[in-house]
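Please have the structure open as you read.

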Amino acid sequence: MSIERRRLRGLAACVLASACAGRDRAPGPAVAMGTASLPNVRLQTQDGEPVRFYDDLVKGRVVMINFMFTTCRRACPGTTANLRRVQRALRSHVGRDLVMLSVSLDPEHDTPEVLKEYARVYGAGPGWYFLSGRREEIEQLRRRLGVYDLNPVRDADRTRHAGLVVLGNEPMDRWSAISGRAKPRQIVEAVERVMERPEDWKPETWSGGRPPPGSSACAAPPA
Amino acid sequence: MQRREFLKYGTLTVTGLALGGGAVPFVPLRRARADDGGVAGPSPPTSPFVQELPIAPLHQPVAPFATSCPTSGNTLFYNVHIQEQLHSFHPQLPDNLIWGYNGITPGPTFHARVGQPNVVRFFNDLPANHRGFGVPNTVVHRHGGFQASEDDGFPLDLFTPGTSRDFCWPNVSPGNDVRENEATLWYHDHLVDFTGPNVYKGLAGFFLMFDDVDSGDETDPNPAALRLPSGDFDIPLVFQDRAFDQNGQLIFNTFEHNGFLGDKFLVNGAIQPFLRVARRKYRFRFLDGSNARFYEFFLSSGQSFVQIASDDKLLPHPIVRKSIRMGMAERVDVVIDFSGYPIGQEVILQNRLQQNDGRGPSDEGLVSPGTPILKFIVTRDAADPSRVPDPLRPLPPILLDKVGAHRTFTFDNSDGGWVINDRFFDGNRAVAFPQLGVPEIWTLQNEGGEWSHPIHIHLESFQILSRNGQPPAAYEAGQKDTVVLGPDDEVKLYIQFRTFRGRYVFHCHNTEHEDMAMMARFDTT
């Protein structure tokens, strides 16, 4: 496991180094996907702290990522309010193994001070970062995470990107997505499914239906 | 590589302008990068037609074992181990780790008889510590199957690595109506949120049903038997697209929320294979097993197909078709007669449908000659006792006076989320409660603009009453379990649920849409 992990770390580091340089990446997948494709863009938290997207926020954690901007009056307030309830439901994780990342699509306006006030109004606690940065880098991040519309007219409408929450488990390189308009309970369940670790998987965690036949007698032999 | 990087930044710049300056349109690149919503790749080059078409082995029963499934004297018992194994997609690519039923993709093919139940014990032997796309929890859905809720593969009924689960497949027909007997089913993963990557990793296989009419014996002396091409001349073909990195490793973009498209075309797990055929009739069971790709198949010789089944059931009459268009999860059984060709003749199965992103077929429509998918090489003579009789199997009646409920479901895109009646999949809440034995009319509406959605309803197949106000085409007028909603389409269908009370789902079979909650639970009561 540790060797595998080191190998992956090495690969991630290589990809990231080249992503920072914005140039060729030497040997490795030509089309990096999943975790390895994440750009390590420079961002600032609502406290003005400079951070790297991958190194400082994503690596080693479960993450919830959405895009918003403080003057958005369409999908953003509903999503942010939903995420606040998700934060409460997952309070034993948020700020520990789970972080919430809300990235501004209007970084010139949404300075750390503006974002800090927004976070206060919406009751964001520790572990929920509101992030500003350079517009081009945020756009790169947004596209990499698939938060765009294939229709260029709709894609140009920033309020269209506020509805999606990308969920990730970096150590497992496991990613999914859910609408921020789903009920907080649905979002929580989706986060839990991304967060699950092998040690959480016990036959007792059956979610319904026919029980395992003959209970433990039917456990499969190790592969 | 540098050109690729250049393309990437070029696109970003244009996009940035579009955002800054309002509605400046940009032209998406045809061979786009993964983050442009286009076809993934380019994958390394591979030579077409250098490998033989793989045909999955017939799955063999084992001795009876203790199970909680109801069984009878003639029940057949099977084990399936869901495993990570090496697989060769093409001799010019390195072997890849895939997930397969019994470690192979497609998985072993089941042959079952109506009236003879199966108990199948699936062992989840997948690696618990797996990293990357795919989640080693699994759910098994027998697509098109008539089975109890707990044996249907409800997306939350997962079983974890190191455990097994028995699936009781009764192999009975709704109402014991022989007109409802089934033919071509398939089984695949149905894990909530992760069906797309899990099926992409290889978790799919065929399940074929036979009875006294479609008996799987072209020499059957029973006068009721259709004697369709059988045995070595009855070949299931699953069509899938995949992408590979420069090292030849299978790749999948977990951030592609529109529907993932690859640039390599597989038949039965092999890239562009060939099949040696005899000068006679063959039955091919086409399955679009792709995540997001639609196909329209042609034969390079201009010969037509004779379609005999749609999805899980035989048609009432064979239909001669110049081309076969398919959406994800649809099945089409065709007969191709090679007897008119000289030995040595080559005939290419082509996909002429152009598709550039997960929305569905592009406005360009058909291109010629399209992509070669499979090459048939006529190599020998063979006896042909098979027939394609007309009629095949009559349809059950549509009893409009018995209809007890009308339901309307709209399929839409809302700020990047996929919705049915403006709701996201909630495994804990049903959106409809159909009563057993009471026929219903469902109206499926596509409100999603330029998107296509193949909609699959679990438990029972249906008959299409109309598409956009018009009677369905002959190839859609049989029984089906999946129907494609093109942009702005409205389909009315007749459906009834029988025998099994419980929770089921219907959903879009673009697996990326499905994984983003374009699915709804209904409870039969």
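Let us begin with a cysteine: Cys168(B) counts as buried, because its relative accessibility is 7%, where buried means under 20% relative accessible area, exposed over 50% and partly exposed in between (1.4 Å probe, protein chains only). This is a predicted model, in which local features need pLDDT of at least 70 and side-chain atom pairs count only at pLDDT 80 or more, while totals for chains, interfaces and linings use all residues; side-chain values use heavy atoms, with hydrogens and water left out. Residues are numbered from 1 along each chain as its sequence is written, and chains are lettered from A and ligands numbered from 1 in the order in which they are written.

**Disulfides**

- Over all chains the count is 2 disulfides, a disulfide being a pair of cysteine sulfur atoms within 2.5 Å.
- In chain B, Cys69(B) is joined to Cys168(B), with an S to S distance of 2.1 Å.
- This pair links distant parts of the chain, 99 residues apart: Cys69(B) sits in the loop between helix H1 (2-21) and strand S1 (76-87), and Cys168(B) in strand S6 (residues 164-169). Helices (H or I, at least four residues) and strands (E, at least two) are DSSP runs, numbered from the N terminus.
- The torsion about the S-S bond of Cys69(B) and Cys168(B) is about -75°, so this disulfide is left-handed.
- The link of Cys72(A) and Cys76(A) is right-handed, with 95° about the S-S bond.

**Another buried cysteine**

- Cys508(B) is buried too, with a relative accessible area of 0%.

**Cis peptide bonds**

- Ser368(B) and Pro369(B) are joined by a cis peptide bond with omega about 5°, and Pro369(B) belongs to strand S21 (residues 366-380) of chain B.
- A cis bond also leads from Asp390(B) to Pro391(B), with omega near 10°; Pro391(B) is in the loop between S21 and strand S22 (405-414).

- Ala329(B) has a positive phi of about 80°, in the loop between strand S18 (324-326) and strand S19 (331-337). Ala329(B) is buried, at 0% relative accessibility.
- Leu459(B) has a positive phi near 80° and lies in the loop between strand S26 (453-457) and strand S27 (462-467). With a relative accessible area of 5%, Leu459(B) is buried.
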